[in-house]
Amino acid sequence: MRLSQALFVTLREDPAEAVVTSHKLLLRAGYIRQIGSGIYAYLPLMWRVLQKVSQIVREEMDATGAQECLLPQLQPAELWRESGRWDVYKAEGIAFTLSDRHDRELMLGPTHEEVITTVAKELIRSYRQLPVNLYQIQTKFRDEIRPRFGLLRGREFIMKDAYSFHTSPESLKETYDAMDQAYRNMLRRCGLKFRPVQADSGAIGGSASQEFMILADTGEDEILFTEDEQYAANVEKAVSQPVDAVPSPFTSFETLETPDTTTIARLCEALKCDPTQVVKNVLYEAVLDNGKRVLVLISIRGDRDVNEVKLFNAITQRAPNYGGTKVLALNVPDADAQAVWAAKPLPLGYMAPDLSDDHIAPAKDTAPQFLRLVDPNASQLQNFVTGANQPGYHVVGANWGTQYQLPEVVELDLARPGDRAVHDPSQILQSARGIEAGHIFQLGLKYSQAMGAAFATESGESQPFWMGCYGVGVSRIAQAAVEQSHDKNGMIWPVAIAPYHAIVTVPNIADENQMAIAQQLYSDLNAAGIETILDDREERAGVKFKDADLIGIPFRVVTGRAIAQGKVELVTRATGTAEEVAIAELVSALQTKIAEALQA
């Protein structure tokens with residue numbers, strides 16, 4: 001590509017709409033252009049990056065025996081109703097939905113479990129056809145409430161998604177493990193630093209799931225891990241052992257006046273106690289898919305916080321007890337929300353585990369009793385401090401089984417850095433930030449049972465498919481690579497996914513010798529398989545050097561003063577090191593550097 005003939009426009013200032021560095025750089029360097037909120041055009045340089053990422057993904061998927069296909073982006077609503085996810089996705093505001101001229105409802109595909117399960121239901125009849133793993137690389141659509149960070153959280157993005165079908169959980173586990181290795185290979189080949197972590201399955205569902213995080217200081221997700229590399233998890237999923245509770249100084253049960261102590265810090269100051277000796281009680285309001293409202297009272301240790309993802313999952317598991325199947329919303333109810341269902345004022349800041357159910361006004365759409373849950377760390381406390389259900393008062397010296405009935409014990413604690421690891425208490429959890437690039441799931445029977453997708457076993461019995469789902473964000477990987485690797489001058493692309501390997505820069509195009517050598521090198525490098533740009537624009541040398549750094553091409557060749565000695569300057573973008581290389585040896589030198597980078 002000759003830059004004098006290319007669509008190549010760079011910006012000197014950061015665009016106002018960009019926040020994270022990678023988004024700023026991709027816009028400034030002319031890789032992408034915003035067309036609407038969360039909607040971007042992939043310009044020529046970016047498209048080359050996306051093609052390279054896609055090819056690496058494709059090669060690793062093909063190596064596992066997966067088969068590539070292409071599924072429709074328009075999906076009939078009845079498929080989503082069959083799986084039970086239509087209302088959930090609409091309620092969460094995720095889905096783009098529309099109606100055709102016959103008033104049939106459709107969805108622009110945010111994911112393809114329903115479509116692929118329908119295909120399998122209609123085409124896979126016998127165990128002899130299994131296992132099978134089908135994948136596609138395609139644009140997805142999700143109506144993000146707040147699109148931001150460019151391609152990291154857009155409303156339209158490129159994704160590879162795969163779906164596998166099996167006769168047994170053992171067969172599913174084999175493919176899941178193969179996908180785990182394939183994803184590690186993909187990210188390693190893309191030249192990225194990453195960490196696989198345990199993860200929550202979210203709206204996709206299923207049992208086991210694992211995320212692949214590209215490490216970056218500004219990543220949206222927090223990862224907790226141990227130095228022995230035996231444990232890593234997204235903070236939403238992480239478990240830990242907090243510090244041991246300090247023994248309580250209270251030996252008898254009594255009620256004490258504690259005015260102005262609605263926070264744990266003020267309470268502990270007033271009673272001269274430690275937060276680990278306190279049971280705090282937090283109220284949540286859950287709304288199920290059948291419209292039922294459930295008030296949930298959580299008892300947790302005073303120095304800890306509720307993990308709302310774990311709580312969401314716990315309530316979802318209990319939704320059938322209330323005639324529902326899913327949780328549509330989960331919030332700490334504010335004054336307006338309380339006014340809808342509260343029969344009398346709540347003693348906020350002073351609630352006890354036995355807060356009376358008569359605080360809930362009788363109503364058809366509201367469960368008449370609190371769902372009471374306690375975290376294990378709080379369930380083990382003795383002689384603890386907690387609210388007295390009366391503003392301005394707390395009790396001390398309280399115990400489960402004596403003053404308070406122990407609620408159902410459910411792990412709801414939000415793990416954090418500094419906690420001890422469950423697998424080895426000598427290992428302390430550390431924190432890193434990451435950008436989710438891939439996610440693999442063992443779906444189990446979730447979709448096959450809901451949609452009646454089954455196969456005939458060897459004995460002729462009909463059994464539902466065991467399913468797996470495996471997604472990787474192609475466009476997200478591309479931007480995450482920039483977020484991970486850049487400096488004050490611009491992007492630093494890994495060689496494997498850089499749009500070009502080298503850029504030949506001509507400081508002065510009016511110098512016939514510089515131009516002649518540059519054009520010959522441009523031809524020789526491309527002929528040798530080294531993808532090369534020729535910067536032959538009528539611009540000052542300084543502008544060209546700045547643009548070369550901005551767009552992040554791994555190697556820059558400069559036909560400057562050194563050509564008088566039969567040499568050119570070769571600059572490595574990642575390190576900034578410059579060396580003079582004989583013109584006749586340049587192709588060989590670059591081939592060696594590229595090969596070394598790809599093997600690293």
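The structure is a predicted model in which local features need pLDDT of at least 70 and side-chain atom pairs count only at pLDDT 80 or more, while totals for chains, interfaces and linings use all residues. Residues are numbered from 1 along each chain as its sequence is written, and side-chain values use heavy atoms, with hydrogens and water left out.

When a salt bridge is taken as a side-chain nitrogen of Lys or Arg within 4 Å of a carboxyl oxygen of Asp or Glu, the count comes to 37 salt bridges. One of these joins the side chains of Glu114 and Arg85, at 2.7 Å from N to O. This pair links distant parts of the chain, 29 residues apart, with Glu114 in helix 5 (residues 113-123) and Arg85 in the loop between helix 3 (77-83) and helix 4 (86-91); helices here are DSSP runs of H or I with at least four residues, and strands are runs of E with at least two, numbered from the N terminus. Glu114 is buried, with a relative accessible area of 0%, and Arg85 also counts as buried at 1%, where buried means under 20% relative accessible area, exposed over 50%, and partly exposed in between (1.4 Å probe, protein chains only).

Within helix 6 (residues 169-189), Arg184 and Asp180 lie 4 residues apart, about one turn of the helix, and their side chains meet in a salt bridge of 2.9 Å, N to O. Arg184 is partly exposed at 24%, whereas Asp180 is buried at 15%. Finally, Arg12, Asp535, Arg537 and Asp547 are linked in a network of salt bridges.
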